[in-house]
Amino acid sequence: MKKAVAACVAVFMFACIALAQQNGTKDEAVALVKKAVAQYKSAGKDKTFADINDPKGPFVDRDLYVVVYDMDGNCLAHGANAKQIGKNLMELRDPDGKFFVKERVELGKTKSSFWQDYKFVNPVSKQIENKSMYMEAVDGMLFGCGVYSK
């Protein structure tokens, strides 16, 4: 009986660790943005955006993915939703009615880097969750990656 309980506890602990590893961290989000910006500066826009848009590429990791917007709210690259690429998303709202792209652009006009909070669908859980997006302004564009929390 003790062995069965110990085995159940071990399985539960493993499941908890696996679930925790499913979500990216703020440090990982910042590192992914910095990696994308570095590649943009060395390899250029076309190569970097193609890599960002590739769902199996170097800028998608679990629930982490890089996005790029211009200062007019146009989505230039998106690691989780190719349907948004080329669209102006300035009027996009989160479930609470927050114009998060508009806010992002306004922040990007005055800050070289920042965190932004809103709600969005997590591509792994498929649930609406709180999201904190790290953004860096580079050459009139905003490179970002966000983390989800319930």
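Before we start, one cut-off: a residue is buried when its relative accessible area is under 20%, exposed when that area is over 50%, and partly exposed in between. Keep in mind that this is a predicted model.

**Exercise 1. Describe how strand 4 and strand 5 go together, and where the side chains of strand 4 point.**

Step 1: Look at the pairing. Strand 4 and strand 5 run antiparallel, with nine bridges. One to look up is tryptophan 115, whose bridge partner in strand 5 is tyrosine 134.

Step 2: Follow the connection. The two strands make a hairpin with six residues between them, and lysine 126 is in that turn.

Step 3: Recall a rule about strands. In a regular strand, side chains alternate between the two faces of the sheet.

Step 4: Walk along strand 4 (residues 113-121). Phe114, Gln116, Tyr118 and Phe120 point to one face and are buried.

**Exercise 2. Which residues of helix 3 are buried, and what do they pack against?**

Step 1: List them. Thr48, Phe49, Asp51 and Ile52 are the buried ones.

Step 2: Look down the helix axis. The buried residues of helix 3 fall within an arc of 160°, so they line one face of the helix.

Step 3: See what they meet. They pack against helix 2, strand 1, strand 2, strand 3 (75-78) and strand 6.

**Exercise 3. Which members of the largest nonpolar core touch the most other members, and which elements supply the core?**

Step 1: This core has 20 residues, and Phe49, Ile52, Val66, Val68, Phe143 and Cys145 touch the most other members.

Step 2: Trace the suppliers. Helix 2 (26-43), helix 3 (45-53), strand 2 (64-70), strand 5 (128-138) and strand 6 (141-149) each give at least two residues. Helix 2 gives the most, with seven residues.

Step 3: Zoom in on cysteine 145. Leaving aside neighbours within four places in sequence, its contacts include Ala29, Leu32, Val33, Val66 and Met133.

**Exercise 4. Find the largest cavity and say which element gives the largest share of its lining.**

Step 1: The structure holds one cavity of 30 Å³ or more. About 40 Å³ of space lies in the largest cavity.

Step 2: Pick out the lining. Residues there include Tyr65, His78, Phe100, Arg104, Tyr118 and Lys131.

Step 3: Sort by element. Strand 2, helix 4 (100-110), strand 4 and strand 5 each supply at least two lining residues. The largest share, three residues, comes from strand 2.

Note on methods. Residues numbered from 1 in each chain as written. Predicted model: local features only at pLDDT ≥ 70, side-chain atom pairs only at ≥ 80, totals over all residues. Heavy atoms only, no water. Core = buried A, V, L, I, M, F, W, Y, C linked by side-chain atoms within 4.5 Å. Buried < 20%, exposed > 50% of the residue type's maximum accessible area, 1.4 Å probe, protein only. Helix = DSSP H or I, 4+ residues; strand = E, 2+ residues; numbered from the N terminus. Contact = heavy atoms within 4.5 Å. Pairing = 2+ DSSP bridges. Arc of directions from axis to C-beta. 1 Å grid on protein atoms, 1.4 Å probe; cavity = no way out; pocket = protein on both sides within 12 Å on 5 of 7 lines; lining within 4 Å. Points joined across faces, edges and corners; volume = space filled by probe spheres on them.
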